[in-house]
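Biologist: Hi! Could you walk me through this model while I have it open?
Modeller: Happy to, here it comes.

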Amino acid sequence: MSKNTNSRKVIVSCRFSYLHCHEPHSINGDDPRYGLCAIVPKSDEKTIVEIIKAIDAAKKEAILKWGLTPENIKTPLRDGEVDFPDNEVYNGCYFFNANSKEAPQVVNAKVQPILDKKEIYSGCYGRISVTFYGYYVDNVYGIAAGLGNIQKIKDGEKLSNRVDAADEFEVIEDEDLLC
């Protein structure tokens, strides 16, 4: 039985990218926030439908709050193949960004807190709780995704451009030192 009673809230199974769950991160000088990019396979039709329903509920609620129906309401769910056609990670997937000013609780599959920061990273798989809500900023009406909590389910290939030092360098003997 679902614990969710909010029509704008959904539990999303996804792959984590651009994960900032331990320390807030600032983008372009904005207020630092915790967040991630949730990558959802298009084949997970049930999750996609739930996300769309939650976005629609947020739109209806926001339109009542705004007192008007804007022509263009920006929505968070995007097509990875359109936005990142050359990135295989987004091939066959939708994605959206979710963030929060407050730190999310981060747990494992058994709902136990993850204390080792190295255990959860961009590239692993899990679930997030997300609440969609309307916003109006700088003459733009839209729906945003508020990040709730994060549950890591399984490991995945790390999504990073960082290379291990052992793969870049070779051992240097004392006599080979430059100085």
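Biologist: Before that, what kind of model is it, and how are residues numbered?
Modeller: It is a predicted model, where local features need pLDDT of at least 70, side-chain atom pairs count only at pLDDT 80 or more, and totals for chains, interfaces and linings use all residues. Residues are numbered from 1 along each chain as its sequence is written, and side-chain values use heavy atoms, with hydrogens and water left out.

Biologist: Thanks! How many helices and strands does the protein chain have?
Modeller: There are three helices and seven strands. Helices (H or I, at least four residues) and strands (E, at least two) are DSSP runs, numbered from the N terminus. Read from that end, the order is β-β-α-β-α-β-β-β-β-α.

Biologist: What box do the C-alpha atoms fill?
Modeller: Roughly 75 × 40 × 30 Å, taken along the principal axes.

Biologist: And how much of the chain is buried?
Modeller: Of the 179 residues, 35% count as buried. Buried means under 20% relative accessible area, exposed means over 50%, and partly exposed is in between (1.4 Å probe, protein chains only).

Biologist: What share of the contacts joins residues at least 24 apart?
Modeller: That share is 69%, among contacts between residues at least 6 apart in sequence. A contact here means heavy atoms within 4.5 Å.

Biologist: OK, strands next. Which way does β1 run against β6?
Modeller: β1 and β6 run antiparallel, joined by seven bridges. Two strands pair if DSSP finds at least two bridges between them. Val-12 has Ile-128 of β6 as its bridge partner, and Ser-13 has Arg-127.

Biologist: What about β1 and β2?
Modeller: Antiparallel again, with five bridges. Ser-17 stands opposite Cys-37 in β2.

Biologist: And how many bridges link β6 and β7?
Modeller: They pair in the antiparallel sense over 12 bridges, and Ile-128 has Ile-150 of β7 as its partner. The two strands form a hairpin with two residues between them, and Asp-138 in the turn has a positive phi of about 50°.

Biologist: Switching to the inside: which residues have the most contacts within the largest nonpolar core?
Modeller: Phe-96, Ile-128, Phe-132 and Ile-150, in a core of 33 residues. A nonpolar core is a set of buried Ala, Val, Leu, Ile, Met, Phe, Trp, Tyr and Cys residues joined through side-chain atoms within 4.5 Å. Two or more residues each come from β1 (9-25), β2 (33-41), α1 (45-66), β4 (93-100), β6 (125-137) and β7 (140-154). The largest share, seven residues, is from α1.

Biologist: Now the largest pocket. How much space does it hold?
Modeller: About 1,000 Å³. A pocket is an open set of points on a 1 Å grid over the protein atoms alone, where a 1.4 Å probe fits, with protein on both sides within 12 Å along at least five of seven lines; lining residues have an atom within 4 Å of a point. The volume is the space filled by probe spheres set on the points.

Biologist: Last one: how far is Tyr-125 from Cys-14?
Modeller: Their C-alpha atoms are separated by 5.9 Å, though the two are 111 residues apart along the chain. Tyr-125 sits in β6 and counts as partly exposed at 30% relative accessibility.
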